[in-house]
Amino acid sequence: MAASASIYNFLTLLLLCGIPFTFSELVKEQPLVLKYHNGPLLKGKITVNLIWYGKFSPTQRSIIVDFINSLSSAVKPKVPSASFWWKTTEKYKSGSSTLVVGKQILLENYPLGKTLKNPHLPALAGKFNGVGTVSVILTAKDVAVEGFCVRCGTHGSNRVGRGRVRGTFIWVGNSETQCPGQCAWPFHQPIYGPQTPPLVSPNGDVGIDGMIINLATLLANTVTNPFNNGYFQGPADAPLEAVSACTGIFGSGSYPGYPGKLLVEKTTGASYNANGINGRKYLLPAMWDPQTSRCKTLV
């Protein structure tokens, strides 16, 4: 409290004296270290299988599939690109991680109901098992998941038999109507902090563009810390990982409540920082760079 008061009084003094300043001048970025805990990472060709739980339109599904394909696309997109963002994962030990979209299942009839508990997630992921795979569970906007709002998604691993790891899984929910101020920011008014105007989402769908941010976060966290013994800082059961260590940072000059300097699409006014395949545009969070020990942004 004393430190916060001192900072507040210092800022007030600067304002009263008419001294111009920027937050980036006041807050000097400190090196961030994610320790490698000597466990295996997901490298090489990785098959990403998709489980669509609830109703998603064909357009919504294509936005997400295009995003995953953009990360390891052989087609050279405009810069800055989603594939260049993903190349930062190569700087973690053992080389590149190439993502390939595999099988997809549509569960539009809500076979487990519209309220999912934590044990339902690995059970759904178990529809696809295999080493070198990631099962991504995507829940529709009318599906409540235990812990939603406390978290916008999660990742884990499936173990069967004598503890042998079969594969990893990710869950991300559509937050259009559930905690959009937390899980779809900066495309929605934040639930706390400075009430800055929301940005225009690049694909015209606040819920899906929010899912892209969280899916990007969890894909990077999964390949660099798949079994809780890869790269992270802090306790293994609540780690800061490759992207979650850089929460809220999307462009240069960011600070709490301000995502940073971004690109703006002239015709729609949409904010983005990454180009993908099929003319897609996305907003991707900063990722920790092992070479610089800092959060790296595309713009």
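Arg-61 sits in helix α3, which covers residues 58-71; helices (H or I, at least four residues) and strands (E, at least two) are DSSP runs, numbered from the N terminus. This is a predicted model, in which local features need pLDDT of at least 70, side-chain atom pairs count only at pLDDT 80 or more, and totals for chains, interfaces and linings use all residues. Residues are numbered from 1 along each chain as its sequence is written, and side-chain values use heavy atoms, with hydrogens and water left out.

Is Arg-61 buried or exposed, and which side chain of opposite charge is nearest? Arg-61 is buried and has no salt bridge, and the nearest oppositely charged side chain, that of Glu-108, is 4.1 Å away. Buried means under 20% relative accessible area, exposed means over 50%, and partly exposed lies in between (1.4 Å probe, protein chains only). A salt bridge requires a side-chain nitrogen of Lys or Arg within 4 Å of a carboxyl oxygen of Asp or Glu. For charge, Lys and Arg count as positive and Asp and Glu as negative, while His and the chain ends are not counted.

Setting aside residues up to four places away in sequence, Arg-61 touches Trp-52, Phe-56, Leu-106 and Glu-108; a contact means heavy atoms within 4.5 Å.

The helix around Arg-61 deserves a look too. Ten of the 14 residues of α3 are buried, so the helix is largely enclosed by the rest of the structure. Among the buried ones, besides Arg-61, are Gln-60, Asp-66, Phe-67 and Ser-70. The elements that cover these buried residues include the strands β2 (44-53), β3 (97-107), β5 (133-139) and β13 (281-282), along with the helices α4 (82-86) and α7 (206-224). The length of α3 agrees with expectation: at 1.5 Å a residue its 14 residues should span 20 Å, and its end C-alpha atoms are 20 Å apart. The expected span here is 1.5 Å times one less than the number of residues.

Ser-271 lies in strand β11, residues 271-272. With a relative accessible area of 6%, Ser-271 is buried. Leaving aside neighbours within four places in sequence, the residues in contact with Ser-271 are Phe-187, Leu-199, Val-200, Pro-202, Leu-262, Leu-263, Val-264 and Leu-283.

Cys-149 is placed in the loop between β6 (144-145) and β7 (153-160). Its relative accessibility is 29%, so Cys-149 counts as partly exposed. Not counting residues up to four places away in sequence, Cys-149 touches Cys-179 and Gln-182.

Pro-256 belongs to the loop between β9 (231-232) and β10 (263-264). Pro-256 is exposed, at 70% relative accessible area. From C-alpha to C-alpha, Pro-256 and Gly-193 are 7.7 Å apart in space and 63 residues apart in sequence.

**Salt bridges**

How many salt bridges does the structure hold? There are five, and the table lists some of them.

| Asp-289 | Lys-91 | 2.7 Å |

Asp-289 is buried at 3% relative accessibility, whereas Lys-91 is partly exposed at 29%.

Asp-142, in the loop between β5 and β6, pairs with Lys-114, in the loop between β3 and β4 (115-116), so parts 28 residues apart in sequence are tied together. Asp-142 is partly exposed at 35% relative accessibility, and Lys-114 is partly exposed at 42%.

Glu-176 lies in the loop between β8 (164-173) and α6 (180-183), and Lys-141 in the loop between β5 and β6, 35 residues apart. Glu-176 is partly exposed at 34% relative accessibility, and Lys-141 is partly exposed at 40%.

**Confidence**

The protein chain has a mean pLDDT of 90, and 88% of its residues reach 70 or more; pLDDT is the predictor's confidence in each residue, from 0 to 100. Over residues 1-27 the pLDDT is below 50, and this stretch has nine contacts in the model beyond near neighbours in sequence. Where pLDDT is low, the predicted coordinates should not be read in detail.
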